[in-house]
Amino acid sequence: MNRAYWQTSRAPRYSLLFALPLLILYQTLAATVPAGPAGGVRNGADVLLRQLFTTIAGLHGPLVFMICLIAAGLWLVAKDIRARGERLSPMVFAAMLGESVGLALACGIVVGGLTAALLGTPPPLASPAGARLGSATVLMLSLGAGIYEELLFRVLLVGLLAWVARRVFGAPPLVAGAAATLGGALVFAAFHYIGPFGDPLDLYSFVFRTIAGLFFSALYLLRGFGITAWTHALYDVFLLLRP
């Protein structure tokens with residue numbers, strides 16, 4: 001991976017545009033895929049963000065949220081394109097997709113290996129609460145995890161925790177970043193056990209998800225939002241396709 005690609009793929013004009021198809025796919029599936037007897041289902045992080053905007057803007061909150069999300073992203077992309085004054089390269093997007101596939105495969109190996117090193121042989125796989133949903137719905141939720149969980153837990157939560165650690169507690173930047181990353185990973189792990197479709201709580205899966213949260217946080221800092229979102233989504237999709 002050359003230095004130019006490393007820097008370019010992190011830039012908003014590539015990182016955010018790369019994440020846009022993931023958002024479109026998720027929203028399309030959320031609007032069209034039947035979720036079964038429980039009715040419509042959305043990714044939990046999406047629901048939390050929509051509820052926040054509903055509290056602020058009332059019934060129009062979800063629409064306001066989507067407009068703000070897309071407008072902010074397009075503004076950052078346009079600003080970056082104007083500053084660079086160069087055309088977008090399809091080859092960069094292709095390389096980012098290939099990198100995301102490789103990182104998604106590596107995620108399971110690294111996170112699973114570290115969890116096994118800490119806790120020993122994993123227990124037999126239990127049927128997750130989401131198993132009673134259709135495969136198309138689980139696919140939709142997997143794609144939503146990439147876009148909305150990364151937005152909520154990496155961009156917003158870790159950023160907020162780091163700001164509090166620095167401004168309120170006076171922590172040095174490195175300490176603030178480490179504390180925010182660990183705190184965000186713990187909240188990310190706990191999030192998967194909340195709600196009617198949350199998984200049964202157990203130590204092994206909690207540690208696994210905490211390490212996964214640390215993995216995605218490190219990836220976000222190193223590779224930006226777009227590649228992290230696609231890596232998370234593809235990892236969840238690979239789990240769905242696992243025999």
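Biologist: Is Ser-9 buried or exposed?

Modeller: Buried. This is a predicted model, and in it Ser-9 has 0% relative accessibility. The cut-off for buried is under 20%.

Biologist: Where does Ser-9 sit?

Modeller: In a loop. That loop runs between helix 1 (3–8) and helix 2.

Biologist: What does Ser-9 touch, leaving out residues up to four places away in sequence?

Modeller: Tyr-14, Ser-15, Met-96, Arg-223 and Ile-227.

Biologist: And how far is Ser-9 from Ile-67?

Modeller: They are 25 Å apart in space, C-alpha to C-alpha. In sequence, 58 residues separate Ser-9 and Ile-67.

Biologist: You listed Ser-15. Which helix is Ser-15 in?

Modeller: Ser-15 belongs to helix 2.

Biologist: Buried or exposed, that Ser-15?

Modeller: Buried. Its relative accessible area is 3%, and buried means under 20%.

Biologist: What are the contacts of Ser-15, beyond four places in sequence?

Modeller: Ser-9 and Arg-10 are on the list.

Biologist: Let's zoom out. How do helix 2 and helix 5 pack?

Modeller: Helix 2 covers residues 12–32 and helix 5 covers residues 90–119. Their axes are 11 Å apart, at an angle of about 60°.

Biologist: Left-handed or right-handed crossing for helix 2 and helix 5?

Modeller: Right-handed. From helix 2, the contact uses Arg-13, Tyr-14, Ser-15, Leu-17 and Phe-18. Helix 5 brings Val-92, Phe-93, Met-96, Leu-97 and Ser-100.

Biologist: How many of the residues in that contact are nonpolar, polar or charged?

Modeller: The contact of helix 2 with helix 5 has 7 nonpolar, 2 polar and 1 charged.

Biologist: Tell me about Ser-100. Buried or exposed?

Modeller: Buried. Ser-100, in helix 5, has 0% relative accessibility.

Biologist: Next pair. At what angle do helix 2 and helix 8 cross?

Modeller: Roughly 35°, and the axes come within 6 Å. The crossing of helix 2 and helix 8 is left-handed.

Biologist: Which residues make the contact?

Modeller: On helix 2, they are Ser-15, Leu-16, Phe-18, Ala-19, Pro-21, Leu-22 and Leu-25. On helix 8, they are Gly-224, Phe-225, Gly-226, Ile-227, Ala-229, Trp-230 and Ala-233.

Biologist: What about Arg-209? Where is that?

Modeller: Arg-209 is in helix 8, which spans residues 203–241.

Biologist: Is Arg-209 buried or exposed?

Modeller: Arg-209 counts as buried, since its 18% relative accessibility is under 20%.

Biologist: What surrounds Arg-209, neighbours within four places aside?

Modeller: Arg-209 is in contact with Ala-185, Phe-188, Ala-189, His-192, Tyr-193 and Asp-199.

Biologist: Last topic, cysteines. How many disulfides does the structure hold?

Modeller: It holds 0 disulfides. Cys-107 is buried at 1% relative accessibility. Cys-68 is partly exposed, at 38%.

Methods
Residues are numbered from 1 along each chain as its sequence is written. This is a predicted model: local features need pLDDT of at least 70, side-chain atom pairs count only at pLDDT 80 or more; totals for chains, interfaces and linings use all residues. Side-chain values use heavy atoms; hydrogens and water are left out. Helices (H or I, at least four residues) and strands (E, at least two) are DSSP runs, numbered from the N terminus. Buried means under 20% relative accessible area, exposed over 50%, partly exposed in between (1.4 Å probe, protein chains only). Contact means heavy atoms within 4.5 Å. A disulfide is a pair of cysteine sulfur atoms within 2.5 Å. Axes are lines fitted to C-alpha atoms, for helices over the stretch in contact, and angles run from 0 to 180 degrees between N-to-C directions. A crossing is left-handed if the near helix is turned anticlockwise from the far one by less than a right angle, and right-handed if clockwise. Ala, Val, Leu, Ile, Met, Phe, Trp, Tyr, Cys and Pro count as nonpolar, Asp, Glu, Lys and Arg as charged, and the others, Gly among them, as polar.
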